[in-house]
Each structure stands twice: as structure tokens, then as C-alpha cells.
Amino acid sequence: MLVTKALCWLGLSAVAAALGQESIISTDGRNAELQIAGGKVGKGQILVSSNDYWGVIRAAGDLALDFGRVTGVNYTLSNGEKGAKPAEDGDLTGMQFSTTGTERFYGPAYSDPSPSNIVIIAGTVGHSTVIDKLVSSRALDVSAIKGKWEAFTSQVVKNPMPGCAKALVIAGADPRGTIYGIYDVSEQIGVSPWYFWADSPPKKAKDLYVTKKKKVQDSPSVRYRGFFLNDEQPALTNWVAAHWEDTPYGAGYGAAFYSLIFEVLLRLRANYLWPTLWASMFMVDDPANQPLADAYEIVIGTSHTEPLMRAQNEFGTFYEGPWAYNLNNETIDDYFRYGVQRAKPYARNSLWTVGMRGTGDTAIEGLGVEHIVEMLTVLVSNQRRIMSEGLGIEDVSTIPQTWCLYKEVMTYLFAGLQVPDDVTLLWADDNWGNVRRLPLLNETERAGGAGVYYHFDYVGDPRNYKWINTIQLTKTAEQMHHAYARGVDRIWVVNVGDMKALEIPISHFFDMAYDAERWHVDSTEEWAEAWAAREFGAEHAKAAADVMMRYGMYAARRKYELLEPWVYSVINYNEADAILAQWADLVARAQAVYDKLPEEARPAFFETVLHPALAGEIVHKIQIGAARNALYAGQRRNSANTVIQEVLAHSAADANLTRRWDALLDGKWRHFMDQTHLGYDGYWQQPMRNALPPLVYVQTDFAAVSGEIGFGVEGSNATVKGDDRWHPNTSNDLAVPPLEPYGPSTRYFDVFSRGVRECTWSAAPTKPWVKLSQSSGVVGGSNPDQRVLVSVDWDNAPSGTWSETVTVNLTVPCDGSDSYGFADPHILVPVRRRSVPSSFKKGFVEADGHVAIAGEHYSAIIPASQQPPSPWRVGKHGANKNDKITYHKFTHYGRTGSGVGLVPLDAEKLSVETAPALEYDVYLFTNHTAANVTLLISPALNYLGEYDPLEYAISLYPADSESPSAEQIKRVTPVGRTVGTAMPAGWQGAVADGVWGRTGGYTTTSFAVPKEGAYKLRVWALMPGVVIQKVVIDLGGVKPSYLGPPESFLVGRDTVGAKNGTSFLNEPGVLGAWGNGRIE
């Protein structure tokens, strides 16, 4: 069987420079060890041994083509034998559900040897004649890699064989080590791993040199690194069906498709695959799939719901009886035996999933937990016996096995389930990127080790998210490095849905897994710039990476599928306007990069960066537009109908963006945007067709009974003149939120038409120091609504401490008999002047009944009063004996800025006495009510188990006390217990919101405020994983919003009269902030 890519795709190539790994290739020949392209090289040759692994020879053939992609001249591949036939491998016999004879994989083709043209020699130690000869002659030193998993060395060797003066020799300790060494050169000469899947163009070069005599690449940080192709309908399945013939069982998920997947995994330095699940059967759809994976050197596994190398759909297709081990164990055992028999020829590249779940990715039903645990204990024992007998391996502990503790399976462990020590515990996240459980101290030395099953795509509660990329890279880094620090280094596997559109988070995930020390928890921005440099060129890297980082935060605030009109407030804190301003700025930045790119680089940038930005802005415009329509329709504005037309235009833009995607590169990626993403209505499953949120049309044939013009104010849905349910009947006064020196610099009221003609209006404050941005205007007809900003001239306002409500008189000359019975309206402006004492040198000041603080803006870190007992940490990866427990800023992690949490990440749980504390200084004026303190923390879970839950302590106490009393310190455990398939109370809201604390009161604690004055707020994160994004002290003034109030005035940083404070975009430290300007 000849395995090739479609010819029209073979020429597509990529820019690259080895991402984060030691570079040995350059276009600069100064002090070079060897020239491998250009000059006298001509058509270079790559030498392999015919007795090497077929996957190594195939990768060497890719490298020969990669030289052609970069230099314009394809290199030749030789095994040193004249007239050699193409390489071959792969036995396809023994397929129970197919009728094939003996077939083999052929290719790549060999050329006759030409020693003088050899520039690269590649092979596997102990499996390559040419490499072993170089080792035995001591021309090649492999001592640094010998016997190490997936390690390789690249060395310039003189006179490696007769007729060859010098060559770059790539030697792998095992076949994948050699393959990674080969693709390392491919990447460095200019071919991105994404040359096919993301259309990254080649980095053209004429002359290429090896600049270093020797490179040694050690074993990867994580042993098995892979992804799960899942939830593949409609996008991936429709794309596959459009390119390959159907199999007898469904879409054409055969060897031609999977060869593209295997290659990109290897180029990304990954090695592990869970194949597609829902509408396919990997081992049956094409009998070549499993042997081809083995030949490529890809480790095949199966998902959490597919034990012993059997695809989920195989049981219902080929077997009788229920999928219930307590009722049908003999049939199910036979089912397992055949899975082992079929996979036996490929056992070297197999990682066996054990255990069992219910039918179709569900929990086992009809049995209590105690009986399920008993049944699973017997089942896994039988599975291990079946593997041992079927594979002919007496010691079953030498067979790589994993048990995925997904969803309800994790709770069985808490109920007493015993997992054999040699089986890898594959812990899972909550499907939303929050790891549910990590190894305890007594689990870190298990022979089977630990892994994590993570998600970039999901189908299920509270909503699906499977359209495009919504992953915040900094969160992935924090979660996976937390896992790695606690010893999770055996398996990292991530659900990537259709894969397409997730190129950036996939690359990031695999690069961390390959070299966790190089790509550490704080390296995300550096990584993004390196990735962008490889894909788009160094001159565009910084700007492109900036867009990538901003996009990750904006998209992760709330998945697109969870966006609804109510999410971002259109009346409080200028929130919706600020969100749209960020997206507009992001699109402008992305478009600016796109416009500067050469034509050949634009498809890659569009697919990975520009399209997500454009798509995200459109969806936000639709949802916020619907919210505006609801507000305006409730106020009976004429402009409610204008907003309808805008939303319809955004819907058309969404459809046209899909058409643009489908037309890209002559339709290469048509169907990958088939996924619906508009019209979720409270149900978790995808809508069958995109639909807009509800919109309300206002009849504009006649004027409102209350007159031609309406007025509305910030913070309210109400309008005057007239009656509505948001303010008292017959009252024609509306109040803006208060103005005070430490609060926002402006408030606003809107003037709008509710009639059929142009009308003038005027406004006049009763105090000269209350200022309006405009005092008169015209609305109606072709004139738009008008927003008037209200401010106070504090220099000319009365001094001292006082409070006054200033009236703004409104006049509408065109109102006549049509508004009889409605008095003239007024805008009320509450103004408060108060100041903190001169002794308060630094801290946040209450305004509008609250204090809001970005977590990173603490005043001090208070050292622990006691040392933690030993052992206080896991002490595995990256542990340093000089490490101290302290707080660390996770830059650009969270919903607007950065988060703060404990490090080192492998620290055990602490007490108030052994934990350092974050201290925030605040000044509170309100003393007639309790202060409700809410921490907005990242949605972590009880990763040390249900009996050692996530926890922090908190205290708000007068600053004149040296420290809080024991009674003033309150401990908070926001995450409840997990029972079966049910997640902890409040979890749905937390993952939807991106924080614990926005809803449900799970992180809200009440404290008495006995007097006005300075206070200290202390927070003890008692374990890593408590990442504080924001602190809100509510003294009765916090208004509904998604992100909370903007950060408060900080004495020592802000200046009275100069701080804007009208939206979160004015906060220091916000990613995508606009400084002290105002969103207009």
C-alpha cells in the first residue's frame, strides 16, 4: 500500500525556526561546521540504513522534500544500495472484520548512493548499520543519549564513509528519537510543523549551514504526549467526507487522513493519539490505520470510554447483549480478547486503556457505587489477565496501561477503588481546563506514575464549546505546570475536537510537555513570540504574539457558546462598551499585521489569528447589540430599531466570514466552520442552526404618549418623561450614580428620540461646578441619540466634607399637548466630597459604596509566623532547596489582568500560621453596614481530594491593630464535594464565568465595619491553585456586572481629579487597557 498525500497538498510548506530548542542550523556561514545547502552542495543526499525502522526512513524522506520546500531543490534519499526498491513495512494480516491479504507500506523511494552529495546521515542506535559502524569506530559519540527515551544527538562527523568528507549525523536512542532529530532539522531549515494543517509558508533559503559540531537532546519532560480527536461532527467529519470516500461504516477516516495526523504529531514532537470516536472505528474503518500508526511510530491509545484497543462503536456494531459487565461479562471478555489479539503486532506502540464506563461516554447505571467498585476491580483484573495471555507477556506490569479517572470514575477512587501500582492514574480536568485531582504525596512514587487528560474542546454542561479557539495559554501553563510540579509526567493528552483552529494551544501544550523547564509557567508570552516568529517571520512576531495573548484572554472570559445578551452590562461600569472597544482594537491590530505580511503568509495568519479575532468581535457585537436593543426597546427609543439592523448586519458578517473561510485556498478547509455557535437557549447541546437572540421592534409611526424625547441615566433601565417598571410612577426624576473625588470622573445620561420629528433639548445644572459635556442638542429625524457626560469641577466646588444632590433641569421645547400630565424631567446628580486623612499614605479608597482591587496590587506580602512541617512540598520537577513559599504574579492570567497565587506549585496545604499572606490597605467611609468581601479566584477544584479541599483564609480588620485576632480570621472552602457525575455546587457558574465568586456567594465573607477609617485586608492562600484575580469589598454599592467594578482609587498612585475610573479599561495592569482615557 503506497501511503501518499494528495499531490496538490505536497507543495504546501512552512516558515520555521526550531521552537525553544537548541539551534544548529543557520543561513550565516561564518564559523560554520558544514554547509548543507547551496554553494557546491547541489542536490544533497540523506543516507539511512535499510535495516532501520520504516518510520525513521519515512521521516528522512520528508526531510528530503523539506529541503526542496526551502531551497527549491528536493534532496535524494539513499540506503547506500544501488537500485534499491522503495522502503517497506507494515503487516496488515489478521483483520477479523476485513478480507485483505498480506499488504505492506511502501515508500519513500530510494536513489542510488552518491557519497559526495551526502549531507545528512540519520539512524537509530542499535538498529542502523551506518550509525552502529560510526559508533563502533568512535567517530560518533552516543553516550549521552544511549538508552534514553526519545533522545537524540546531532553531530558533524568527518569522513563518515568513503567519498563523504563531512556530514551531519542524526542518531536517535530509539526510533522516535531519530524522527525528532530529523524533524528538528526540518524545522530549523524553515519548515513549520503546521506546513499542511495551517498553511504556514516556507522560509526560503539558498545557503544553509550547520553552526555547531554537536547537539544533545535529552528525553522529553513527559513520556506520552498526545491529543484526542473528539466531537468531530460536523466540522472534521464533513471535511473528511469531502476529501475521501466513505468507509463501509461512515466517513473516510482511513490511512490517507491519519497519515496527515501522524505526521503533524511527530513534527510537533508528540507521540500519542486517541483516534476519532463518535462516528468512526479507527481499527475497523480502514484496516491499515493501526499498522500505519505503528509504522509511523505513533503510540495508539483509546479514550476513557474505549478499553483495550476497541473503538466505542465496535461493541454495538459487532456484538450482542448489553454493554454491562455484570450482565454480559463473557461476551465483553471476548470483545477485549480480540482487541488484544488485533493490536498484538503493534504492542510496541500501544498504551492500553483499562477500566470501563457506561454506554456512549456515560456513567455505569443500575448499580450502587459499592457494587461498581467491586465490579471494576474484577473487570480490570480480568483485563490484565487477558492482556498478559494475549500478548504473551508474563509480567503484566511491563505492559503500558492507563486508567482514565474521568468524571464519575474519579469518585470510585474515593470510594475505595484500588488501582494496580503499575497502571498510570490518568487524572482529568473538569472539561473546562481545571484539573480535578493531582497526585498526593503518597502517590507520587507509584510505578505507573500519573497523567492528565485535558480539554481544549468539549460537548456537555454547562454548554458545548467546539467552534473555534477559546483557550487562554497562561491558564493552560498554570494548570499543566501545577500538575507537572506534583509529578504528573507520564501522560499529557488533550481533547482537541476537530483539531483545526486549535493550532496555537496545541503547539503550546506539546512544547511544554516536551520541555517543561524551557517552557516554564512564566514563559507564555515568550513562547507566543517564538511561535509567531516561526510561523510569520521575526519582523511580525511581537505584534502577532500581542494579538494572540490578548485574544486568548478576551475569548476565555466567557466561551462564545455561553455569551448571551445579559452577560455584559450595558448600563453599569461602561462594561459592554469597554468589551467592544477591546475587540475593535484587537481586530485592528490583527488586520494591521495581516496587511504587512507577504501574500504567501496570509492564509496561515488568517486561519490562526485574524479569523478568530474577526469571529469573536462579531459574536460579541451580536450579543451586546441584542442587550442594547432590549434596553432601548424598554425605553421605547427609536434607535432600538437601528440596533436591530446593526445586529442583522453582524449576523450577515458572521455568515460572510464563514464563506471567506470556505473559499480560502480554493476551498481547502471548507466545512471546518460548519459548527453552529449562535442560538444556544439554555440547553447544553449545540443548536441545529445558527439563530440570533430575541430582538424587539418599536413601532415608530407615532410619538410616545409622554413626548418626543426621552432621557435615561447610567445604571438604570428607566426613562423619563413617563412611567415604566424601573422607577416610581409619576416621578420624572432620574439619578446618575454618585460623583466623588475618589470615584469615576464622569457619569452620563442619554438623550434620545421617542417621536416622529426632530426636537431640540437643553440641560442646565443648578450648580456651576457641575459640568456637562454638552448642554443642548437635537435628536430625532436623522440625528442620533446623544450621551452627555456629567462631571464635577472639584477645584471650584465647595471644600470640606459634604454631600449634596444637584439637579439638572431638562427642557424640551417641542413637547406640547402630547405630553400633558407629565411634568418636566430632571437629572439628579448626587455629589459627595470627603477625603482620607494625611496619615493614610497608601491604599485603596471606598467610592460609590465599594472598593475594588486587582489581585496583583497588594500592599505587602506578610511572612508566615511559623515554618511548615516537613515534607512541605512534593519536591520532584524543578524543586530547589532554596525555594521559599511566597506569592507569584501569573501575568495576563484571568479575565482582565493578572492573577496572584502561591509558589512553589508543588507546596502542600498550609495553615494560617505557616502560610504567607497578601495584605491590601483600604480606607472605608461607610460604617453603618457589614462589608461583604468577595474574592474572584480562578475556578480551581479540590485537587488534593474531597477531604483536603481548596481553601483560603481572610480577615478585614482596623489598621490600628497590629494583626487580626483569631476571631477576625475566617477560613473559606469555596468548592464543595463531588458526588458521582455531579460537580460541586456552583461549578457550572464558576466555569462559565471564569471565576469562583461572580455568582453564588461561594467566595463572599462578611465583616463588621465598626467605624470609618483605615483597614487592612489579609488573604492567606493556603495552597497553590488559589489564584486571586480581583477583590471586591461591597458596602452596599456594587451593581450587577460581569467583571465587577473597575479598580478603585489608590492613594500613592492615583491623583484626585485625574483618575478616570469609568471602566475596567482604565485600570493599570489590564491587558488591552487604554490607560486613563475614556471609552466614548
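## Basis of the values

Residues are numbered from 1 along each chain as its sequence is written. Because the model is predicted, local features need pLDDT of at least 70 and side-chain atom pairs count only at pLDDT 80 or more, while totals for chains, interfaces and linings use all residues, and side-chain values use heavy atoms, with hydrogens and water left out.

## Helix α3

Helix α3 covers residues 129-136, and its buried residues are V130, I131 and L134, where buried means under 20% relative accessible area, exposed over 50% and partly exposed in between, with a 1.4 Å probe and protein chains only. Seen down the axis of α3, these residues fall within an arc of 100°, so they line one face of the helix; the arc is that of the directions from the helix axis to the C-beta atoms. Helices (H or I, at least four residues) and strands (E, at least two) are DSSP runs, numbered from the N terminus.

K133 and S136 are exposed on the other side of α3, whereas its buried residues pack against β3, β7, β8 and β9, contact meaning heavy atoms within 4.5 Å.

## Salt bridges

The whole structure holds 66 salt bridges, each a side-chain nitrogen of Lys or Arg within 4 Å of a carboxyl oxygen of Asp or Glu. One of them joins R357 and E408, whose closest N and O atoms are 2.9 Å apart. R357 lies in the loop between β15 and α11 and E408 in helix α12, so the pair ties together parts that are 51 residues apart in sequence. R357 counts as buried at 3% relative accessibility, and E408 is buried with a relative accessible area of 2%.

Another salt bridge, of 2.7 Å from N to O, joins the side chains of R486 and E908. This pair links distant parts of the chain, 422 residues apart, with R486 in the loop between α13 and β19 and E908 in the loop between β33 and β34. Both R486 and E908 are buried.

## The largest cavity

A cavity is a set of points on a 1 Å grid over the protein atoms alone where a 1.4 Å probe fits but cannot get out, and its lining residues have an atom within 4 Å of a point. The largest cavity is lined by 24 residues, of which W432, Q472, K475, A556 and K559 lie nearest its centre. Among the elements of the model, β18, α13 and α20 each supply at least two residues of this lining.

Key:
1 Å grid on protein atoms, 1.4 Å probe; cavity = no way out; pocket = protein on both sides within 12 Å on 5 of 7 lines; lining within 4 Å.
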